[in-house]
Amino acid sequence: MDSTPTEVVVFEFGPYFRAYKNGRVERFFGTDKVPASNNSDHAVSSKDVLIDQETGLSARIFIPSTIKPGQKLPLLVYYHGGAFLVGSPFCPTYHNYMTSLVAEANIITVSVDYRLAPEHHIPIAYEDSWAALQWVAKHHNNEGPGGWLSDHADFQRVFLAGDSAGGNIVYNMVARAGIEDLAGMKILGACLVHAYFGRKDCEVDNHWLFVCPNTSGINDPRINPAMDSRLSSLGCTRVLICVAEKDVLKERGLLFCESLRKSGWDGEVQIVETEGEEHVFHLFNPDCEKAVILLKRLASFFNQARAN
């Protein structure tokens with residue numbers, strides 16, 4: 001007879017994450033890593049950088065391999081999704097998508113590897129994400145370590161983007177950028193793809209309670225922008241909100257759009273809905289027709305904004 005005690009599961013996130021009462025966690029997504037590449041099949045090169053030795057904060061930078069000496073391209077800072085629990089810029093899903101996005105949009109991308117819950121509860125993900133932005137901003141004043149950003153990033157055309165939890169991070173970063181300086185660096189546009197926010201009713205998700213035990217509840221401005229005093233002063237001039245028809249987070253994205261438009265913020269907000277698709281479909285089926293359309297829409301957002 002097997003006398004091995006059964007571990008008690010205290011939290012699960014779909015098929016991607018499981019936490020046990022004894023503190024052990026299992027991740028089933030984002031743990032495998034793809035090495036950086038000098039020149040991929042998409043003519044995109046990538047390299048990894050350590051941003052903060054003390055915390056281990058790092059990022060993967062992507063750049064078109066065809067870039068010419070002295071050429072400047074728009075700069076995108078990207079925050080991956082994964083419910084603040086899973087995911088990494090180095091896993092195949094995000095590495096491949098960033099490669100495709102860089103190739104399509106002809107941009108430079110810094111994909112941030114922020115620390116995850118529950119080992120590092122919220123606000124650590126936000127603190128890491130802001131630290132990464134500050135590191136990027138140092139290159140704006142030629143104070144960074146140099147390399148691709150100093151040589152090729154156009155700091156007049158800086159964008160933030162992210163999906164799911166990463167979309168939530170994007171919101172919190174542009175909200176903070178509206179009241180705090182980034183060494184003079186300005187954010188031109190922000191793109192939130194299937195972003196995670198609180199529900200419209202008066203309940204807080206168990207998921208948010210798990211990743212952020214110190215939350216104030218439904219009025220927490222980090223998941224309820226309508227309650228955020230920073231909403232009317234977002235630190236960017238354009239926002240693109242992407243939702244999917246069958247996504248459980250769709251209504252939250254629509255509510256964010258409505259709240260932003262009513263806030264008095266003087267920027268331009270656009271919303272795009274993909275019919276018949278579910279949450280982050282474009283990451284798991286990137287070659288389908290609608291994923292390709294969405295990819296081109298994101299690239300168009302960056303290119304339209306830089307033309308103004």
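## Report on a predicted model

Strand 9 (residues 189-193) is mostly covered, with 5 of its 5 residues buried. The structure described here is a predicted model. In a regular strand, side chains alternate between the two faces of the sheet. Strand 9 is covered on both faces: Gly189, Cys191 and Val193 are buried on one side, and Ala190 and Leu192 are buried on the other. Its pairing with strand 8 (residues 153-163) is parallel and extends over 5 bridges. Within this pairing, Leu160 has Ala190 of strand 9 as its bridge partner.

A further buried position is found in a loop. Asp247 lies between strand 10 (238-244) and helix 6 (250-262). Its relative accessible area is 6%; because residues under 20% count as buried, Asp247 is classed as buried. Leaving aside residues up to four places away in sequence, Asp247 touches His194, Glu277, Glu278 and His279. Asp247 and Gly276 are 29 residues apart along the chain, and their C-alpha atoms are separated by 9.1 Å.

An open sheet is formed by 3 strands in the order 1-2-3, with antiparallel pairing. Strand 1 (9-13) and strand 3 (25-27) stand at the edges, each having a single partner strand, so one side of each is left without a neighbour in the sheet. From one strand to the next, the twist averages 10°. Strand 1 is joined to strand 2 (residues 17-20) by 4 bridges, and the two run antiparallel. Here Glu12 stands opposite Arg18 in strand 2.

| Strand pair | Direction | Bridges |
|---|---|---|
| Strand 1 and strand 2 (residues 17-20) | antiparallel | 4 bridges |
| Strand 8 (residues 153-163) and strand 9 | parallel | 5 bridges |

The remaining topic is the packing of two helices. The axes of helix 2 (residues 124-140) and helix 4 (residues 165-177) come within 10 Å and cross at roughly 60°. Helix 2 and helix 4 are therefore oblique to each other. The crossing of helix 2 past helix 4 is right-handed. Helix 2 contributes Ala125, Tyr126, Ser129, Trp130 and Leu133 to the contact, while helix 4 contributes Asn168, Ile169, Asn172, Met173, Arg176 and Ala177.

Definitions and conventions. Residues are numbered from 1 along each chain as its sequence is written. This is a predicted model: local features need pLDDT of at least 70, side-chain atom pairs count only at pLDDT 80 or more; totals for chains, interfaces and linings use all residues. Side-chain values use heavy atoms; hydrogens and water are left out. Two strands pair if DSSP finds at least two bridges between them. Axes are lines fitted to C-alpha atoms, for helices over the stretch in contact, and angles run from 0 to 180 degrees between N-to-C directions. Angles under 35 degrees count as roughly parallel, over 145 as roughly antiparallel, 65 to 115 as roughly perpendicular and the rest as oblique. A crossing is left-handed if the near helix is turned anticlockwise from the far one by less than a right angle, and right-handed if clockwise. Contact means heavy atoms within 4.5 Å. Buried means under 20% relative accessible area, exposed over 50%, partly exposed in between (1.4 Å probe, protein chains only).
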